[in-house]
Amino acid sequence: MTTEIRKKVLALTGNEAYAYAMKQINPDVVAAYPITPATEIVQIFSKYVADGEVDTEFVPVESEHSAMSACVGASAAGARVMTATASQGLALMHEVLYVASALRLPIVLAEVNRALSAPINIHCDHSDTMGSRDAGWIQIYSENADEAYQSLFIALKIAERANIPAMVTMDGFIVSHGMEPVEILPDEKVRQFLGERKPLYTILDVEHPITIGPLDLTDYFFEHKRGQIEAIKEAKKVIPEVHREYNEFFGKNMPDFFEPYRMEDAEIAVISLGSASGTVREAVDVLREKGEKVGALRMRIFRPFPYEKLREYTGNLKVLSVMDRADSLATIGGPVFNEVRSWLYDLERRPFVMNFVYGLGGRDFFVEDALYIFEKLIKAAKGERPSELIEYVGVRE
Amino acid sequence: MKKVFEIRWHGRGGLGAKTAALLLGEALIQKGKYVQAFPEYGPERRGAPVKSYNRISDTPINVHSGITNPDIVVVLDPSFMSSPDIYQGLDREKGKIIVNSELTPEELREKFKIDGYNMYTVNASGISREILKRNLPNTPMLGAVMRVTGLMDLEDFIEAVGKRLSVKFKPEIVEGNLKAIRRAYEEVKGL
């Protein structure tokens with residue numbers, strides 16, 4: 001059922017948008033530790049707590065490791081739990097991220113992408129969340145503040161239905177500190193959409209005592225891990241389902257795994273994540289004017305990896321480029337490139353796949369850079385294949 | 001007006017270049033425009049040169065990269081006029097520069113040997129010192145931007161800024177800022 005909603009648009013930075021969404025979600029528990037460029041999320045949210053605008057039990061912990069640990073405990077007790085972090089903070093949570101996902105706790109993390117040290121840097125790249133790509137969390141990459149705001153609601157619903165934790169990301173400073181229009185959804189509608197968390201088990205249910213996180217050796221660990229893998233497979237069905245429900249309920253048009261742009265008859269395409277994707281679309285428009293059959297594919301959900309969907313878009317492509325804002329530091333380019341290329345391998349018709357690593361440590365990415373990438377792809381489509389599959393764009397070499 | 005209109009603000013830490021971009025952005029968003037307002041982040045210290053930006057459009061904005069070819073440059077500290085940074089990427093013919101200066105555009109041209117560009121000046125620091133008893137040229141400069149660009153109706157803009165400032169400041173400070181915006185709007189030279 002489509003609901004009529006009077007639009008309320010606020011001018012918010014990405015961090016303000018995250019905090020606003022958290023206020024509307026009104027989680028039972030938020031345990032967090034501030035870190036640039038995600039500090040404001042925690043700062044603004046703690047003000048909501050102090051002003052009595054939320055009922056949240058706010059736990060100002062002494063580190064991100066403790067933040068995620070407190071989240072795990074609270075979520076196991078049946079609470080709706082959120083946190084926020086960036087970069088080194090996420091790295092410090094790393095150990096506990098695996099605990100949260102394996103215990104099937106639907107914690108939601110508002111993440112701001114920032115380069116991992118060293119050298120020390122506060123600006124955007126995706127090395128932080130790419131570092132936790134195998135931690136069993138759902139990962140949703142947002143392009144702008146409005147999308148990040150909406151994605152927190154979607155992530156929460158997916159997480160609680162699939163019993164898998166989810167992180168939503170936005171590009172540090174570019175989105176987190178940039179002000180943009182954000183369409184605020186009515187409090188009541190958000191509450192209605194999210195409902196209450198109904199945990200399958202909780203440690204506080206003394207009538208039905210359970211054990212969480214015991215020692216699990218050679219006898220059963222593998223079976224439990226296998227079960228988790230199956231649950232993540234199930235989440236791939238939950239993700240489009242929740243997006244459909246969200247879009248119908250709020251009258252929105254949020255894409256799930258991918259956002260395709262002028263892909264219908266495209267022979268050349270670029271895959272990207274995050275805020276650079278709009279810049280790529282501008283380049284697509286410029287080249288379409290000149291008659292080039294180019295398109296753009298924004299990957300919104302990277303975890304679980306949407307290879308089935310990916311293959312729906314690549315059938316007609318001659319050349320595909322993957323833009324990575326992180327490098328695997330293993331001489332094989334970026335992580336998204338490696339997975340995309342690998343999952344096209346066994347197709348009869350598959351494009352030639354190249355990798356462009358860009359924007360590390362916040363290096364700006366311009367329309368001219370996107371045009372440069374397309375130029376290389378157009379050449380490759382005509383048979384002029386480059387000697388190297390991986391190229392670093394926007395770096396002084 | 002091209003599809004996306006771009007402004008670059010030049011200030012020093014403490015002069016309010018970031019706040020100016022945010023205030024302008026927020027006012028225009030309330031009018032239904034699509035706007036980005038973002039500062040350039042470096043080491044944050046009082047007195048250091050800082051830049052901030054606005055992207056303004058009637059349709060959703062795709063690009064999230066920095067602004068390299070602004071339509072307008074707003075200079076909060078006139079001592080920057082000898083720096084090549086100010087003129088970078090600005091069209092010599094169509095580009096506009098609005099400077100916080102007690103000089104006229106002609107005097108400024110002569111002093112800094114500026115060739116080309118459309119120059120406007122307003123004594124924003126003077127207005128601020130007189131009304132607010134402090135050197136906060138950012139709000140009066142917004143008045144000058146309104147005058148030169150016609151981006152918004154002045155009264156609508158003043159209402160929007162007043163609403164925003166009221167969240168944080170006492171009524172007399174809000175009133176002072178609005179008065180300064182109005183004064184600067186009227187006193188822009190070079191039109």
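Chain A has a radius of gyration of 21 Å, which agrees with the value near 21 Å for a compact globule of 397 residues (taken over C-alpha atoms, with the globule rule being 2.2 Å times the number of residues to the power 0.38). The model is predicted, with local features requiring pLDDT of at least 70 and side-chain atom pairs pLDDT 80 or more, while totals for chains, interfaces and linings use all residues. Residues are numbered from 1 along each chain as its sequence is written, and chains are lettered from A and ligands numbered from 1 in the order in which they are written.

Along the principal axes, the C-alpha atoms of chain A fill a box of roughly 70 × 55 × 50 Å. Chain A contains 12 helices and 15 strands (DSSP runs of H or I, at least four residues, and of E, at least two, numbered from the N terminus). Of its 397 residues, 51% are buried (20 or more other C-beta atoms within 10 Å of the residue's own, C-beta atoms being placed from the backbone).

Chain A is assigned domain 1 (8–250) and domain 2 (258–393), with bounds from an automatic or database domain assignment. The domain centres, taken over C-alpha atoms, are separated by 28 Å. The contact between them takes 25 residues from domain 1 and 19 residues from domain 2 (C-beta atoms, placed from the backbone, within 7 Å). Helix H5 (127–131), strand S6 (138–141) and helix H8 (221–250) of chain A each supply at least two residues of the domain 1 side.

Between the chains, 16 residues of chain B are in contact with 19 residues of chain A. Helix H1 (17–30) and strand S2 (34–39) of chain B each supply at least two residues of the chain B side, and the largest share, six residues, comes from S2(B).

Conventions. Two residues are in contact if their C-beta atoms, placed from the backbone, lie within 7 Å. A residue is buried if 20 or more other C-beta atoms lie within 10 Å of its own, exposed if 12 or fewer, and partly exposed in between; C-beta atoms are placed from the backbone.
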